[in-house]
Amino acid sequence: MGTVLLVPGFLQPAYCWRKQILPLTEAGWNVLTWDPSWSLQGGWTESLGCWTAELATVLAASPFSAHLPMVLVSWSLGGVLIGELLRQSPPRPTIAGLVFVGTPLFLEYLTEVFIGTDAPAPFDLSEPLTAQWLVRFTTGLTMNPPTFGEFERHLGGSCLALTRLLESVNEQRLSLAGLLPPLPAVQAKESLPWHHFRLPTLIIHGEYDRLVPQMLAHQIARQLEDAGATVTLSLYPTGHAPFIEEPERFNRDLTLFLRQHCCHSSSTPIRLPV
């Protein structure tokens, strides 16, 4: 077997992967995840660099990362952290495959989030990041109301993350609109290092995702295939969190992907920076 790294989305705790951790562990996989700090350091680009460094630290501290094949599974902004990490290249540990769930993948695509979706976003981008905003945001991640109890625990972890974020900038009126970077120049997207992603890749996206437009998943899949990656794109009849809304199907698809590529990877391994 190998190792599965589960990377949470923005302001999300490791608890968001609650429906994957136990089944994967019982199936014999080493599961690695953590609660990201999500504190802001300077601008959006600087903060992304700090979060990516935190991810690299988690990987470096893992007792499995240097010896076993690893598949990186990321949700939403977590996928952007993986994108930044693989941009940097050299050593450590061997990556056998990538799984992207509802992610824009690169900072250059982040401004396309909330653009092009059929349904309106579950909140106003200019609205201050408050507890009320967080409740609407967390509820808006899925199409169906989460199970009572699970939602409260999930929200509790997100509240801690939001508190840390606001404390890091000493600003109680911060909004996502103030965080989002300006629209990047066309040439910035043309220079994206797609050749760093020549790995078996599974992209899972909700058809009714109100945060990351479905067209972005198709665009990323085409770019990865053009760069030489083997890509499978699977659409779920869900919102932004397919692994929460359809955990049985998600776990089946993920397990199949792991068996195909983590145990017997035929691709050239990539080494992560430390």
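Q: Contact here means heavy atoms within 4.5 Å of each other. What share of the contacts in the protein chain with a separation of 6 or more comes from residues 24 or more positions apart?
A: This is a predicted model, where local features need pLDDT of at least 70 and side-chain atom pairs count only at pLDDT 80 or more, while totals for chains, interfaces and linings use all residues. Residues are numbered from 1 along each chain as its sequence is written, and side-chain values use heavy atoms, leaving out hydrogens and water. For contacts with a separation of 6 or more, the part made by residues 24 or more positions apart is 80%.

Q: How many helices and strands are there in the protein chain?
A: Helices (H or I, at least four residues) and strands (E, at least two) are DSSP runs, numbered from the N terminus. By that count, the protein chain holds 11 helices and 7 strands.

Q: How far apart are the end C-alpha atoms of helix 9?
A: The expected span of a helix is 1.5 Å times one less than its number of residues. Helix 9 (residues 214-226) has 13 residues, so it should span 18 Å. The distance between its end C-alpha atoms agrees with that, at 19 Å.

Q: Which elements are included in what covers the buried residues of helix 9?
A: Begin with the residues themselves: Leu216, Ala217, Ile220, Ala221 and Leu224 are buried in helix 9. They cover an arc (of the directions from the helix axis to the C-beta atoms) of only 135°, which puts them on the same side of helix 9. Their cover includes helix 4 (107-110), strand 5 (201-206) and strand 6 (231-236).

Q: Which residues of helix 1 are exposed on the other side from its buried ones?
A: Helix 1 has Arg18, Gln20 and Leu24 as its buried residues. They fall in an arc of only 160° around the axis, so they sit on the same side of helix 1. On the other side, the exposed residues include Leu22 and Glu26.

Q: What is the C-alpha to C-alpha distance between phenylalanine 137 and leucine 211?
A: Phenylalanine 137 lies in helix 5 and counts as buried at 7% relative accessibility. The buried residues of helix 5 (residues 131-139) are Trp133, Leu134, Phe137 and Thr138. They fall within an arc of 125° seen down the axis, so they line one face of helix 5. Phenylalanine 137 and leucine 211 are 74 residues apart in sequence, and their C-alpha separation in space is 9.8 Å.

Q: Where does tryptophan 38 lie?
A: Tryptophan 38 has a positive phi of about 55° although it is not a glycine. At 0% relative accessibility, tryptophan 38 counts as buried. Its place is the loop between strand 2 (30-32) and helix 2 (44-61).

Q: What is the phi of leucine 11?
A: Leucine 11 belongs to the loop between strand 1 (3-7) and helix 1 (18-26), and it counts as buried at 0% relative accessibility. Although leucine 11 is not a glycine, its phi is positive, at about 60°.

Q: Which residues point each way from strand 3?
A: In a regular strand, side chains alternate between the two faces of the sheet. Strand 3 (residues 70-75) is mostly covered, with 6 of its 6 residues buried. One way point Met70, Leu72 and Ser74, and the other way Val71, Val73 and Trp75.

Q: What is the bridge partner of valine 73 in strand 4?
A: Two strands pair if DSSP finds at least two bridges between them. Strand 3 pairs with strand 1 in the parallel sense over 5 bridges, with valine 7 opposite serine 74. Strand 3 also runs parallel to strand 4 (residues 94-101), joined by 6 bridges. There, the partner of valine 73 is valine 99.

Note on methods:
Buried < 20%, exposed > 50% of the residue type's maximum accessible area, 1.4 Å probe, protein only.
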